[in-house]
Amino acid sequence: MTERVGIFGGTFDPIHIGHLIIGQEIMLQCALDRVVFMPSGDPPLKHTMTSAEDRAMMVSLAVRDYPGFELSRFELSRSGKSYTIDTLRHLRRNMGGDTKIFLIIGADNAVEMGDWFDPTGVLNLAHVLVAERPGFERERVDPAFKSRMQFVETPLLDISSTAIRERVRTRRPISFLVPDAVADYIRTHGLYL
Ligand code: ATP
């Protein structure tokens, strides 16, 4: 039987409930067997201040109790920039022919897909599922890419890692924005101060 696997890449600096709700909703609506959260080692289009290990630990704490969610350290274990196309090529080679690979991205990533390395290659290797994100309407996605993506009706969640980092820096609470175990990890490791 074909296994349907969602790959959800990101910096996850930190992982927040937006990621988790979207993962859950897409898993349900698109009948995925599992969703693999894959923190990027060195993302090409972003700068991260938090170590890859801390970001992975927070993902691990966030997904550990939810059936079907898992952490992959694949991109962390590679040196150099984490290009999605390389990850998908690796997964395609190593997952059986019975596995259908879905790439989960937020609408902001869909709008910016033209900046990715080899976006057409990405669309050839995975079925791309796009989650709604406030401020990033589908109309803004390049039509050449849009026709090859599937837009999923997910709740609009105005939550970002940037806003969470800013709240920690200014000593405001982050309860309910991240799982409790992630909030504890941020506190005990003094992240984002
Ligand atoms: P930052 O604020 O640091 O840019 P972020 O909140 O966008 O981070 P990422 O780890 O960069 O989080 O996101 C990983 C993936 O999840 C991306 O595809 C992004 O589009 C998507 N995503 C993150 N937050 C949301 C959200 N609230 N709604 C929809 N998609 C989201």
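Predicted model: local features only at pLDDT ≥ 70, side-chain atom pairs only at ≥ 80, totals over all residues.
Residues are numbered from 1 along each chain as its sequence is written, and side-chain values use heavy atoms, with hydrogens and water left out.

**Stop 1**

A polar contact here is a pair of N or O atoms within 3.5 Å. Select His19: one of its polar side-chain atoms is 3.1 Å from a ligand oxygen atom. Next, Gly106 places a backbone N or O atom 3.0 Å from an oxygen atom of the ligand. Then go to Leu157, where a polar backbone atom lies 2.9 Å from a ligand nitrogen atom. On its own the ligand has 600 Å² of accessible area (Shrake-Rupley, 1.4 Å probe). The protein covers 93% of that.

**Stop 1: the core**

Now select Ile15, Ile26, Leu32 and Phe37. Within the largest nonpolar core, of 35 residues, these touch the most other members. Such a core is a set of buried Ala, Val, Leu, Ile, Met, Phe, Trp, Tyr and Cys residues joined through side-chain atoms within 4.5 Å; buried means under 20% relative accessible area (1.4 Å probe, protein chains only).

Stay on Phe37. Its contacts (heavy atoms within 4.5 Å) include Phe8, Phe12, His19 and Phe69, not counting residues up to four places away in sequence.

Definitions and conventions. Buried < 20%, exposed > 50% of the residue type's maximum accessible area, 1.4 Å probe, protein only. Polar contact = N/O pair within 3.5 Å; in protein donor to acceptor, adjacent residues only side chain to side chain.
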